[in-house]
Amino acid sequence: MNVLKKWLLFLMIPLLILTGCASQVSQNPGQEDGGKENSAEKSTQVIADMMGREVEVPTKINSIICTGAGALRLIAYAQATDLVIGIEDTDKSGVIGRPYNYVYHDQFKDLPSIGKGGGRGYTAYEEQIIALQPDVIFCSYTSDALDQLAAKTGIPVVSTAIQGNLFEENTVESLKLIGEILGKEERCAEVIAYLGQYEADLNNRTKDIPEADKPTVYAGAISNQGGRGFAGTYGGLGPLKAINVSGVMDEVGKKEGFEVDWEQIQVWDPDVIFLDPGNISLVNEEYAKKPDYFNSLRAVTEENVYSIISFNNYTTNIETAIADAYYAGKVLFPEKFADIDMEAKVDEIYKKFLGKGIYADMKEAGLSFGKITLGQ
């Protein structure tokens with residue numbers, strides 16, 4: 001028996017060595033000699049992106065670019081802007097209505113251009129991207145455009161979800177994906193926790209309010225692929241949903257931005273109207289043309305018109321949408337939000353997502369919460 005055991009052990013040793021080597025290659029194909037990285041072959045991992053595509057990306061990311069609506073915003077939330085080596089033209093100018101871009105403007109403004117941006121179409125500058133050779137591209141294009149960009153550049157392209165409204169699950173999943181790829185799991189978990197805390201707080205303050213005690217609400221001048229006037233509205237508006245309010249415009253049944261019939265707003269004759277102060281010049285132009293129409297609305301004559309700062313700028317600025325929800329809550333249910341100091345709350349929210357309170361700058365730019373008097 002002893003002789004047989006020795007022969008079996010002798011035969012198994014080469015097999016064990018081969019098995020061990022194979023396992024190491026699968027997990028760390030770019031490492032050898034005690035973990036020293038082989039410069040000719042990077043270590044990689046395969047991830048499933050938000051489109052369900054399997055993408056092979058380096059395990060160590062040193063540089064990235066972002067293209068498409070909202071992709072760079074999530075990177076800013078993840079505190080990974082130091083990895084960004086190129087920028088879309090649309091994010092080169094600091095825009096207060098797009099807070100991530102405003103906060104990081106000094107870092108972004110001189111980076112090379114990698115695309116036009118600003119819409120939801122394919123606007124990537126392929127030659128410039130190839131010249132920069134980022135380790136990975138985060139992108140919110142459609143599936144076909146993602147594959148096109150990957151094929152043209154030869155660089156891994158990872159899909160992130162578009163933030164279309166507020167408190168959407170695909171935002172959470174996108175942050176988890178970014179955290180995993182960039183080694184920012186802790187920071188992304190922090191942001192996800194903030195989202196959960198704000199969602200729960202807003203819901204707990206309003207969930208038990210009877211429908212009969214809720215004012216009727218219309219939200220207008222809501223930006224949607226550009227500025228909109230009074231009839232520009234949005235179905236299932238995130239800040240209102242967060243405080244368990246359905247706007248009168250939800251009766252139309254749409255879950256996106258759209259133009260509603262002016263006469264229909266008269267029929268609804270809501271108790272309260274919220275307008276985006278960023279588009280108030282458009283509304284005032286309309287008011288000057290037909291003051292009788294506006295003065296036929298109870299919310300206007302009873303001075304119940306308030307601001308709701310545009311959160312839709314190259315898709316949803318989530319931190320602004322949360323601030324909007326708190327302000328709408330204070331207006332509609334003052335007793336439930338009596339403890340909220342809006343200036344302090346707005347800066348708290350921006351600091352948690354972007355590291356800096358910017359409400360003073362927003363007010364200076366005309367983006368503030370408060371009553372609106374049409375025509376002024």
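Me: Is K254 buried, partly exposed or exposed?
Reply: This is a predicted model, where local features need pLDDT of at least 70, side-chain atom pairs count only at pLDDT 80 or more, and totals for chains, interfaces and linings use all residues. Residues are numbered from 1 along each chain as its sequence is written, and side-chain values use heavy atoms, leaving out hydrogens and water. Buried means under 20% relative accessible area, exposed over 50%, and partly exposed in between (1.4 Å probe, protein chains only). K254 has 37% relative accessibility, so it counts as partly exposed.

Me: Which residues does K254 touch, not counting residues up to four places away in sequence?
Reply: K254 sits in the loop between α9 (238-242) and β12 (257-259). Helices (H or I, at least four residues) and strands (E, at least two) are DSSP runs, numbered from the N terminus. Contact means heavy atoms within 4.5 Å. Beyond residues up to four places away in sequence, K254 touches G235 and G236.

Me: How do α8 and α14 pack: roughly parallel or roughly antiparallel?
Reply: Helix α8 (residues 185-206) and helix α14 (residues 318-332) pack at an angle of about 20°. Axes are lines fitted to C-alpha atoms, for helices over the stretch in contact, and angles run from 0 to 180 degrees between N-to-C directions. Angles under 35 degrees count as roughly parallel, over 145 as roughly antiparallel, 65 to 115 as roughly perpendicular and the rest as oblique. The angle therefore makes α8 and α14 roughly parallel.

Me: How far apart in space are K254 and Y234, C-alpha to C-alpha?
Reply: K254 and Y234 are 20 residues apart in sequence. In space, their C-alpha to C-alpha distance is 7.7 Å.
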